[in-house]
Amino acid sequence: VECSQSQDIEAGDGTTSVVVLAGALLDACSGLLSKGIHPAMIASSFYKAAEQCTQLLKKAAQPVDMNDRESLIHAVQTCLSSKVVSQNSDLLAPLAVDSVLGILGDNPSDAVNVDLRDIRMVEQLGGTVDDTELVPGLVFDKGSTKTAGGPSQVENAKVALIQFCLSAPKTDMDNNVVVSDYAAMDRILRDERKYILNMCKKIKKSGANVVLIQKSILRDAYNELSLHFLAKMGILVVMDIERTDVEFICRTLGCTPVPHVDSLSPEKLGSAEHVGDVVLPGSGHKVVKFVGVANPGRTSTVLLRGSNELVLAEANRSVHDAQCVVRSLVKQRYLIAGGGAAETEASLRLRELALETTGMDSHCFKAYADALEVIPYTLAENAGLKPIEIVTELRKAHAEGTIGAGIDVKKGHISNMYSKNVVQPLLVTTSAIKLATETVCMILKVDDLVVVV
C-alpha cells in the first residue's frame, strides 16, 4: 500500500503496476532463495538490474516538447483508457492538458515542476461528465446570497475577502445580559444596527462591490441585518468561504484577506471582469463564477459534473491522474510506448545482459527480466486474450527490433504503439520499477518476525 502511495506521489499513475511488479519480483526471489543465493546478494543484483532497466528505457524513449499539445493529449488518453470515464477521454484529456499548461506560464518548456494544488476541482452534482469544463478563473460550488435581494451579476467587480464578522460583537467570556425594560432593549438593537451599518459603509467606501465572507467558528460571520445593508448598497455576497480556500482565492483574484474592517482599503481588493450566478444545465443548481481575472498566481478551476456521487468521485480521480501524467512529462520529458512495450523491451535487453554477466548477477538479472513480463501478461489476461501466446509474439517483435511493439487490446494482437499514439511518460515506468525493487529489497533484508500474541 505504501509503495502504491509513493508511486502516486511521484508519478501520479501506474499505482496498480507497481504492486503487480512488486509481487512478481517477490515470487522471483523465492526461486532464487531456493537455489541458495543469499538475500543480500539478490537485493544488490536487483538494484543493479533496476538501474540497467532505467538506462535501457531512456534509450528506447522519445523526447517530447511541452509546446506539442497533441503529444501530451495522446499520453493523457492512454492514462484515461483504463478508467471508468474512458469513454469521455476525448473531452477530459484536452481539459487536463490545458489546465496544467495554463499554470505553467507563457513558456512551458522552462518549467521543471508543477504544483497541482494550483488547480482547484469543484464537484457539482447533476448533468453528465460531458458538461465538465475548465474555467480560467474561480468557481464557488453554491450561488450568491439571495436572502436580502442583492445583485446576482456584477460587471468590473472589485472583490473583498473579509475575515472579520459582520455581526454584533460578543464578550470574550460567556455571560448573559438581562434587559429589564423595553427602552434598554430598543437601545441595544439600535446600537447593534448602528455598529453593523458602520461596518457596511466602510466596505462600500473601499470600492468593493463583491464581498467574500470567511466562515467563523467564534460567532456568526454575518446576520440578516448585515446582508440587508450590503444588498441595499448593491454588493454581491458569497458566504461561508472555507479557510483552506483563502490562499487559492487570493492568488487567483490578486486580493489580500482583511482581518479587520479598519484595514480594508482599495489596494487590498481583487478584480474580475464579471462575477455572477450561473445556473448549471441538467440540475438547476447555481454556482458563482469569476471570469476575466488577473490571475497573478497562475491558477485554474475545473468544474466537474456527474449524474451521481460515484461518477463525480471517479471523474475527479481520473482528471487528477491525467494531470499527474502531464506533471510527469514536465519532470522528465520523455514518452515511451504503452501496452506492455516498455517492460518487454527492458526484459529482453536485461536477458541479453544476463548472458554477458557472470556469477550470481547473471541468475538474478534473468529472474528480474522474467518478473518484468508480468505487466504484459496481466494486460493480456485482463483484455481476455491468451497471455502466453501474446507475450511470446511480443517478445518475438522486440527481438526483431520493433521497440514500440505492444498489446493492442481493442484488436487483440500486437501493434506498434507509437503509430497508435498509445504512449505514456517514461517517469511512470521507471518510477514503478525503482519503487517495486526498493520494496522487495527491503522485505528481503528482514531476518525474522517476532509474533506478539
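This is a predicted model: local features need pLDDT of at least 70, side-chain atom pairs count only at pLDDT 80 or more; totals for chains, interfaces and linings use all residues.
Residues are numbered from 1 along each chain as its sequence is written, and side-chain values use heavy atoms, with hydrogens and water left out. Local features need pLDDT of at least 70 and side-chain atom pairs count only at pLDDT 80 or more, while totals for chains, interfaces and linings use all residues.

**Stop 1: helix 5**

Select residues 89-104, which form helix 5. Helices (H or I, at least four residues) and strands (E, at least two) are DSSP runs, numbered from the N terminus. From first C-alpha to last, the 16 residues of helix 5 reach 22 Å, close to the expected 22 Å; the expected span is 1.5 Å times one less than the number of residues.

Twelve of the 16 residues are buried, so helix 5 is largely enclosed by the rest of the structure. Buried means under 20% relative accessible area, exposed over 50%, and partly exposed in between (1.4 Å probe, protein chains only). Among the buried residues are L92, P94, V97, L101 and I103. Next, show helix 4, strand 2 (119-125), strand 3 (133-135), strand 10 (300-306) and helix 9, which are included in what covers the buried residues of helix 5.

**Stop 2: the largest pocket**

Select T78, S81, S82, G339 and L379; of the 48 residues lining the largest pocket, these are the closest to its centre. The pocket holds about 1400 Å³ of space. On a 1 Å grid over the protein atoms alone, a cavity is a set of points where a 1.4 Å probe fits but cannot get out, and a pocket is an open set with protein on both sides within 12 Å along at least five of seven lines; lining residues have an atom within 4 Å of a point. Grid points are joined across faces, edges and corners, and a volume is the space filled by probe spheres set on the points.

Elements giving two or more residues to this lining include helix 2 (15-34), helix 4 (69-80) and helix 9 (309-331).

**Stop 3: the second largest cavity**

Select A60, I336, A337, A341, A342, E345, I403 and Y418, which line the second largest cavity. Its volume is about 40 Å³. Helix 10 gives the most to this lining, with three residues.

**Stop 4: salt bridges**

Side chains of opposite charge can pair when their charged atoms come close. A salt bridge here is a side-chain nitrogen of Lys or Arg within 4 Å of a carboxyl oxygen of Asp or Glu, and the count comes to 22.

Select K48 and D361, whose closest N and O atoms are 3.0 Å apart. K48 lies in helix 3 (residues 39-60) and D361 in helix 11 (residues 360-372), so the pair ties together parts that are 313 residues apart in sequence. K48 is partly exposed at 39% relative accessible area, whereas D361 is buried at 12%.

Next come K215 and E242, joined in a salt bridge at 2.8 Å, N to O. K215 is partly exposed at 40% relative accessibility, and E242 is partly exposed at 35%.

Last, select E352 and R349, which meet in a salt bridge at 2.9 Å, N to O. They are three residues apart in helix 10, separated by about one helical turn.

How values were computed: Contact means heavy atoms within 4.5 Å.
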